[in-house]
Amino acid sequence: MNMKKSNAILLALAIAATCGYAANHIASGAQADTSSTLLGVDANKNGIRDDIDAYIASSIPPALQAHVGHMARSFSHFLEIDVGDKEEVRYAVNSHFSEKRCAREEAKRLESRGINIDVSVISLELEKRTFNTKARYNLYMRVNQQASGMVFGTNHCKDAPSQKLASQR
């Protein structure tokens, strides 16, 4: 192997490790859903694709799984919205930020018990897994393009859709 090629491989591995993508770990032998449908397979109809559910169940501490599930669901919602409707895009993106805030708050509580979790790395992994086909990625980029320049609130956890639903029960 020539020096240029080995340097390129080392650089790629360093970038992957830095971004938290060092392993493309799919739990329990589950395969990444690369089907042609935008939403993919969600056999239990919980709003989270089955391959992402498997990742959460095997890679996320139980105390944080519900919050990460809400983050995953909010990413999946990006694949269902009308990208031309600015208010719908604003709501979806703001909801995702709020769900991420809840996960961060829970991770901070876990930190006090000696469990250190970087929610940003988890969010990047969810993003990678959710938008893993050209069609999904292109729609995600359209959502981001539409959201570009928008101003969002403070994204309090109490404003997250999952928290609002819990308070209504």
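**Entry 1: aromatic rings**

I began with Phe-78 and Phe-131 and found both of them buried, a label given to residues under 20% relative accessible area, with exposed meaning over 50% and partly exposed the range in between (1.4 Å probe, protein chains only). I note here that this is a predicted model, in which local features need pLDDT of at least 70 and side-chain atom pairs count only at pLDDT 80 or more, while totals for chains, interfaces and linings use all residues. For my own bookkeeping, residues are numbered from 1 along each chain as its sequence is written, and side-chain values use heavy atoms, with hydrogens and water left out.

I then searched for aromatic pairs and found 7 of them in the structure. One of these pairs joins Phe-75 and Tyr-140 edge-to-face, with 6.0 Å from centre to centre and 90 degrees between the planes. Phe-75 sits in helix H3 and Tyr-140 in helix H6, so this pair ties together parts that are 65 residues apart in sequence. Phe-75 has a relative accessible area of 3% and is therefore buried, and Tyr-140 at 8% is buried as well. The pair of Phe-78 and Phe-131 counts as stacked because the ring centres are 6.4 Å apart and the planes stand at 20 degrees. Phe-78 belongs to the loop between H3 and H4, and Phe-131 to the loop between H5 and H6, so the pair links parts that are 53 residues apart in sequence. I used the following cut-offs: rings of Phe, Tyr and Trp (its six-membered ring) pair if their centres lie within 6.5 Å, and planes under 30 degrees apart are stacked, over 60 edge-to-face and the rest tilted. Phe-75, Phe-78, Phe-131 and Tyr-140 make up one aromatic cluster.

**Entry 2: the nonpolar core**

I looked up the largest nonpolar core and found 30 residues in it, with Ile-56, Phe-78, Ile-122 and Leu-126 having the most contacts inside it. At least two residues of this core come from each of helix H2 (50–59), helix H3 (62–77), helix H4 (86–111), helix H5 (119–130) and H6, and H4 supplies the largest share, 6 residues. Such a core is a set of buried Ala, Val, Leu, Ile, Met, Phe, Trp, Tyr and Cys residues joined through side-chain atoms within 4.5 Å. Leaving out residues up to four places away in sequence, I listed Gln-65, Val-68, Gly-69, Ala-72 and Leu-126 as touching Ile-56, where contact means heavy atoms within 4.5 Å.

**Entry 3: charged side chains**

Searching the whole structure, I found 7 salt bridges, each being a side-chain nitrogen of Lys or Arg within 4 Å of a carboxyl oxygen of Asp or Glu. One of them joins the side chains of Arg-49 and Asp-33 (4.0 Å, N to O). Arg-49 and Asp-33 both lie in the loop between helix H1 (3–18) and H2, so the pair ties together parts that are 16 residues apart in sequence. Arg-49 also forms a salt bridge with Asp-51 (2.8 Å, N to O).

In helix H4, where they lie 3 residues apart, about one turn of the helix, Glu-87 and Arg-90 form a salt bridge with closest N and O atoms 3.5 Å apart. Arg-90 is partly exposed, with a relative accessible area of 27%. Through salt bridges that share partners, Asp-33, Arg-49, Asp-51 and Arg-136 are joined into one network.

Setting aside neighbours within four places in sequence, Arg-136 has contacts including Asp-33, Ser-35, Arg-49, Leu-79 and Phe-131.

**Entry 4: the whole chain**

I counted 7 helices and 0 strands in the protein, with helices (H or I, at least four residues) and strands (E, at least two) taken as DSSP runs numbered from the N terminus. Of the 169 residues, 35% count as buried. Among contacts with a separation of 6 or more, 72% are between residues 24 or more positions apart. The protein exposes about 9900 Å², of which carbon and sulfur atoms supply 56%, the areas coming from the Shrake-Rupley method with a 1.4 Å probe, and for residues only the protein chains shown count as cover.
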